[in-house]
Amino acid sequence: MACTTNAFALSLSSTPNPNLPSDFNPKLTKPLTVSLRGSGTADLNLGRLALSRHTQLTRRICANATQVTMDQSVAAPTIVEVDLGNRSYPIYIGSGLLDQHQLLQKHVHGKKVLVVTNTTIAPLYLDKVVDALTRGNPNVSVENVILPDGEKYKNMETLMKVFDKAIESRLDRRCTFVALGGGVIGDMCGFAAAAFLRGVNFIQIPTTVMAQVDSSVGGKTGINHPLGKNLIGAFYQPQCVLVDTNTLDTLPDRELASGLAEVIKYGLIRDAEFFEWQEKNMEKLMARDPDALAYAIKRSCENKAEVVSLDEKESGLRATLNLGHTFGHAIETGFGYGGWLHGEAVAAGTVMAVDMSYRLGWIDSSIVKRVNDILLRAKLPTTPPETMTVEMFKSVMAVDKKVADGLLRLILLKGPLGNCVFTGEYDRKALDDTLAAFCKS
């Protein structure tokens, strides 16, 4: 049966150290090589916990030469560019960026803005965002729609609330949608922007680690279906992504850990030096050290931006960003959306993917141990819920987006740390053995 196999390896020449000079700019030590062959439950709302620690960053890390003119009394943001030709856009990363209104206003089209947020984030940051959009800019009018908070609301019914508000507010094709929140809000707002009047401008303001390092970057938008996660959606790029690291001050510990699952992923699939940095700095990340968090966000965004620039529509290479996600999405769907956070499901799914890679003889046992160790240090699960069965996994994975011509393709580690493959060419017994090892029935 025909399948597509993509194998690649990437090495970054920089030393992953948060105390880097301001002009640090990592370069590839060799070109990226891509080989293409063939074609072939409890409802939990933890709220946002106020933390007393001050997180003002005192230095500038510059990801490239792009400059933004602003008050010299405030720190300039780190800027990572997503290179997509005429659809390229910047990711701004820094402390207090919501107070730098010119950053946001330069990416607003037209005179009408719709801010899409949720019941948790709105009391914390909605007024600040409205002020940033309108300060010194009285011609702009801002509407908002506040959605219920949680993965279980990432569906068509909730999405219609965004369209209802946009139509009631008589928004036109020159309007701008602004996603203010985590991954659920970003995905739904982006999908609404892609579909409303067949496409309007939108901006991402992610407020969780998960969204800041992954879901807000790259233009994947969509909603869930009862039979599978993210099966309905579109590729639709934002005008910019604005990452204000101060929004992490109110992030619950569980949400922080969930986001770190995606950070760990980048090290495993393409950036071994970054993974080694994480092993040395995980306690700093868990303790919300501002320098460590800023560096982890920056390095993650650089990794994702480069992959998206090479493979925007996920024809092969970009699929490797989904390490652990096929197993993880099965957990989310089978266990019930919202029962586990996305990063928790991905963490357990990553362990399963690593286990299968080892059973295939593609990695050695030291990588298996290092993956388990770092996930445990990040306080993430390393096994799926006890209620998940082999049949539940197989049923959900059968409708995964990476299935092609009836063949389930997986992202697995192969070779030294930092290397992976996206392939349907594997011994099916290894998959069966992995599922059996992690499920009671």
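Here is a friendly conversation about the predicted model shown above.

Visitor: How are residues numbered here?
Guide: Happy to start there. This is a predicted model, where local features need pLDDT of at least 70, side-chain atom pairs count only at pLDDT 80 or more, and totals for chains, interfaces and linings use all residues. Side-chain values use heavy atoms, with hydrogens and water left out, and residues are numbered along each chain as its sequence is written, from 1.

Visitor: What is the mean pLDDT of the protein chain?
Guide: pLDDT is the predictor's confidence in each residue, from 0 to 100. In the protein chain, 83% of residues reach 70 or more, and the mean pLDDT is 85.

Visitor: How many helices and strands does the protein chain have?
Guide: Both are DSSP runs numbered from the N terminus: helices are H or I with at least four residues, and strands are E with at least two. The protein chain has 13 helices and 15 strands.

Visitor: What percentage of the residues of the protein chain count as buried?
Guide: Buried means under 20% relative accessible area, exposed means over 50%, and partly exposed lies in between, with a 1.4 Å probe and protein chains only. Of the 441 residues of the protein chain, the buried share is 59%.

Visitor: How many residues of H10 are buried?
Guide: Helix H10 covers residues 342-359 and reaches 26 Å from its first C-alpha to its last, close to the 26 Å expected at 1.5 Å a residue. That expected span is 1.5 Å times one less than the number of residues in the helix. H10 is mostly covered, and its buried residues number 16 of 18.

Visitor: Why is helix H9 largely enclosed by the rest of the structure?
Guide: H9 spans residues 325-335. Among its buried residues are Phe327, His329 and Glu332.

Visitor: Is Gln278 buried or exposed?
Guide: Gln278 is found in helix H7, residues 272-286. Leaving aside neighbours within four places in sequence, Gln278 is in contact with Val263, Ile264, Gly267 and Ile374. With a relative accessible area of 0%, Gln278 is buried.

Visitor: What is the phi of Arg288?
Guide: Most residues other than glycine have a negative phi. Arg288 is found in the loop between H7 and helix H8 (290-310), and at 5% relative accessibility Arg288 counts as buried. Its phi is positive, near 65 degrees.

Visitor: How does Leu197 count by relative accessibility, and what is the value?
Guide: Leu197 sits in the loop between helix H4 (183-195) and strand E8 (201-206). Its phi is positive, near 50 degrees, in a residue other than glycine. Leu197 counts as partly exposed, at 34%.

Conventions. Contact means heavy atoms within 4.5 Å.
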